[in-house]
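Here are my notes for going through this one together. Keep the viewer open and click along as you read.

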Amino acid sequence: MARLSGGEALAQSLAREGVEVVFGIPGIQTYGIVAGLRDEPGIRLIAVRHEQAAAYMADGYARASGKPGVALVVPGVGLYNAAAGLATAYARSSPVLVIAGQIPRAAIGKNAGAVHEVLDQADTVRAVTKWRRAAMRPREIPAAVTEAFRQMRSGRPRPVLIEVPPEAGVEREEVELWDPAPVAPIVPSPDQLREAARVIAAARLPLIYAGGGVARADAEGALVRLAEATNIPVVTSSGGKGTIPDSHPLSYGSCFSPRGERQEMNQLFEVMQSADVVIGIGARFSLGNPAGNASTLVNINVDDGELMRIQSNTIPLHGDAKATIEAMLPYLREAGAGDRPSPAEGVAAARNLIAYYDIRLKEPQYPVLEAIQGSVPEDAFLVWDVTQFGYYARTHYKVNHPKTYIDSGYQFNVGYAFPTALGVKVAQPDRPVVCMAGDGGFLFNASELATAVQHGINVTTVVFRNDSYGNVARDLELAFGGAYGTDLHNPDLVRFAESFGAVGMRADDPMELATLLPAALARDEPVIIDVPFGEMPIPRAPQLAPLYQLPWTQPQEGLIES
């Protein structure tokens, strides 16, 4: 044991867990922690301009590195500010540790008006964290850190919280540092795997549905081996994009929506409906399994709460995606699952049909996506904000490298993409990182340009600018008789970027991204590309039901009871 301050104990415990970067803002209740980080040579503190950005950066770092991201915030308002980032990390099952200060120990729970006081602080983020603990004195910190990392590395990864009151950061006592806790992957029993393999081998039209859990488990290679060993094609969720290359002959892609407002989405919906066995891997099935009880769902998920939620006709396999696939492959070979003919020709035909509808509909979003696709390296990370282009990227942007497609999941946080992209770049400094944002979203965290310039975080950011919250304006026009509160007043984005010491560029037309993106990526500096554009209509096939039949546009049957 050594006599350490709480800040030193925390910094050394983080270093033992392999932490190299902490994103955060120094504050009065965290001085002892900041001093400990300052004196820990293996950890870099990236000071940000807003706690929301600290959480987003930690999430981006985690998703791009495969390691937990760490954010440091002051108590109360600091933790509240970080909560949006925690919500996104929770939605995307991302391992993020938030270290939050606390008010002095003697004041906790008194509601006496201490600086940054919030009663029951941990409860404010209970819904978006997996685990929470307060370390009230230095000797309690190593155990809290070890358990936090065990929680993030076992089961379903999600954000966790450690609270540290200010005196615990500066007090000194004998502290025993802990080694990282060993974590063994969860694997179903041999009997369960053998039965699942038998069902898969006997299937007539099996299909794999890969979700974000594949990426969180680093199971992309195992997924490809499974598809190739069994000749079973793959559809991915948006969270699963990149878990199998879109160029792979057994990949349908992720163009899937049960509402089918687009013909090509409907095409893959029908593919899933026709499957007699669906192998779900790390997928939440938030839209349901289109095949339903007409199929057997072999559901591989490390979160046992997700196993039987989808349908009754399920073979649940509680386990880590990578370890479970690898353990099941010998049983599949034994059952003869690799004897079926390759479906690659049918997959190619379906993908050609999707491409045909893209061309026939001639929608303005797709040429722009194609220009982007052809102008960035294939291994570049793209972080998509909630924009019209981001919506389309979920289904149509081609991803051929693991973890390189990053979005906000079901939270749809406007403004999350820029700071998240900065976290991605910190994790992968030698890889190109591009942020795709709208003008509304970019200004949420545009102050982090100062962070990017100060710390040399050289992200290229494309800002699609129509001087409005364009999607909301269009919806209000079409469904409510007129837009209101959606117009935006923007700065000159080129001069704005230059005022921070970044590079500003401007396109006269979105198609100029084909030349501006390579030029921006060649610069060893943060770059903002201002891309003005006009109205982008939602695509609608005339033979399908009207788009605007959603709960936020009209009352739903059964909503109000007499």
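1. Start at Ile28, which you'll find in the loop between β2 (21-24) and α2 (31-38). The helix and strand labels are DSSP runs numbered from the N terminus (helices are H or I with at least four residues, strands are E with at least two). Ile28 has a relative accessible area of 47%, so it counts as partly exposed. On that scale, buried is under 20%, exposed is over 50%, and partly exposed is in between (1.4 Å probe, protein chains only). Ile28 and Ile300 are 272 residues apart in sequence, and their C-alpha atoms are 46 Å apart in space.

2. A quick word on the ground rules. This is a predicted model, where local features need pLDDT of at least 70 and side-chain atom pairs count only at pLDDT 80 or more, while totals for chains, interfaces and linings use all residues. Residues are numbered from 1 along each chain as its sequence is written, and side-chain values use heavy atoms, with hydrogens and water left out.

3. Now look at the sheet that β2 belongs to. It's an open sheet of 6 strands in the order β3-β2-β4-β5-β7-β6, with parallel pairing. Two strands pair if DSSP finds at least two bridges between them. At the edges stand β3 (44-47) and β6 (131-134); each has a single partner strand, so one side of each lacks a neighbour in the sheet. On average, neighbouring strands here are turned by 20° against each other, direction ignored.

4. Zoom in on one pair: β2 and β3 run parallel and are joined by 4 bridges. Val21 stands opposite Arg44 in β3. Then find α2, which lies across β2, β4 (69-73), β5 (96-101) and β7 (160-164) and runs at about 140° to β4. For such angles, axes are lines fitted to C-alpha atoms, for helices over the stretch in contact, and the angles run from 0 to 180 degrees between N-to-C directions.

5. Asn299 sits opposite Pro316 in β14.

6. On to Val414, in the loop between β16 (405-406) and α15 (417-427). Its relative accessibility is 31%, which means it counts as partly exposed. Leaving out residues up to four places away in sequence, Val414 touches Asp385, Val386, Gly440, Gly441 and Phe444, where contact means heavy atoms within 4.5 Å. Val414 and Val386 are 28 residues apart in sequence, yet 5.2 Å apart C-alpha to C-alpha.

7. Finally, helix α18 (residues 470-480) holds Val472. At 45% relative accessibility, Val472 counts as partly exposed.
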